[in-house]
Amino acid sequence: MATELEELLGFLSSPSPPIKKAAVSIVRDYTGSEDGLRSLGKYSNVAVPSLSRLLAEKKEVSEPAAEALVNLSQNRDLAGKMVEMGMIKTIMDILYKQDCDITHLLVMLLVNLTQLDVGIESLLQNGDEKMRGLYIMKLVRSFCASSSERKGDPFEHVASILVNISQKEPGRKLLLDPKRGLLRQIIRQFDSPSSLRKKGVSGTIRNCCFEAEDQLQNLLLISEFLWPALLLPVAGNKIYSEQDTSKMPLELGSALSIERETVSDPAIRIQALDAIYLLVLQEAGRRALWSVNGPRILQVGYEDEENPQVMEAYERVGSLLIQEGGASEASTQES
């Protein structure tokens, strides 16, 4: 005999719109509690496909269905089952249909699913040579489109998806592929007033810099965007002298020669310094930093810094630059 919950899930497929609407609202409310999530988890083989079929319906039904799936996907086991059932393809198909009313929720669902390796692999389309990277290219294009063109900023959380996929080597390689130019597009979003976008872009850059040993040239190809995104957050709040800015490229020097809004989030400053550290581990990365007067910027920023964790991050970079300075001085004396 069917349980109450099984009967409720059966109503998600009802031909009657009012019954379906009432059932999906109740299921959504169920997912708002730990007990409800546990109970629904036992019927995930029914609940997930039934809810996913409702995502393409009118907003009054698709919205609570999407909210329920977002809540369910916070459970790693259930998120894994969603990926196995082809949820990422379903999301991407609906996301790019005309007049999608639940964009924000679908992106949130992708954020949760890409916290799993299988979710990242599915979104990267690693199993399909011809289609590989297509979903990411679409998401990056939407992320970089002006949010003012849309109501709100429905693609804002793509920032978190980019952080997730760049934690894995295939994701980093896709973003760093110079033919696709994805990282170049993403970095330019660092100027966004949205702290979520800014933090996501910073985290993505940091993750991509783990490939510096093999992909330094591809990173430096976009140095006109890369150095401002990494150095401006850690430049402190002083107005720099003409003597300092004259040794910098225009995009850095002009920004540092005027009053500016500083980056208040210490996590972003640490991410930027971690990325710089990974770059300057390579000799060519150190040369590139010196060529934009980066050490001077780090010196001034360190003097202004008050957060102990951020100061430690400055010191890690500084220790590499000091070692190099000592080594070059020794070699000069020997010669």
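Good morning. The accessible surface of this protein comes to about 17000 Å², and 48% of that area belongs to carbon and sulfur atoms; such areas come from the Shrake-Rupley method with a 1.4 Å probe, and for residues only the protein chains shown count as cover. This is a predicted model, in which local features need pLDDT of at least 70 and side-chain atom pairs count only at pLDDT 80 or more, while totals for chains, interfaces and linings use all residues. Residues are numbered from 1 along each chain as its sequence is written, and side-chain values use heavy atoms, with hydrogens and water left out.

I begin with the overall architecture. The protein has 22 helices and 0 strands, where helices (H or I, at least four residues) and strands (E, at least two) are DSSP runs numbered from the N terminus. Its C-alpha trace spans about 90 × 40 × 35 Å along the principal axes. Of the 335 residues, 48% are buried; buried means under 20% relative accessible area, exposed over 50%, and partly exposed in between (1.4 Å probe, protein chains only). Among contacts (heavy atoms within 4.5 Å) between residues at least 6 apart in sequence, 68% join residues at least 24 apart.

The largest nonpolar core holds 105 residues, and L123, W227 and L298 touch the most other members. A nonpolar core here is a set of buried Ala, Val, Leu, Ile, Met, Phe, Trp, Tyr and Cys residues joined through side-chain atoms within 4.5 Å. Helix α19 (residues 266-280) supplies the largest share of this core, 8 residues. Leaving aside residues up to four places away in sequence, L298 touches partners including L231, I276, Y314 and L321. L231 also belongs to the buried residues of α16, as does W227. Helix α16 (residues 223-231) has 7 of its 9 residues buried, so it is largely enclosed by the rest of the structure.

Beyond residues up to four places away in sequence, S202 touches F190, I268, Q271 and A272.

Finally, two loop residues deserve mention. Q125, in the loop between α9 (117-124) and α10 (134-144), has a positive phi of about 60° although it is not a glycine. N293, in the loop between α20 (283-291) and α21 (294-304), likewise has a positive phi of about 60° without being a glycine. Most residues other than glycine have a negative phi. Q125 is buried at 10% relative accessible area, and N293 is buried at 13%.
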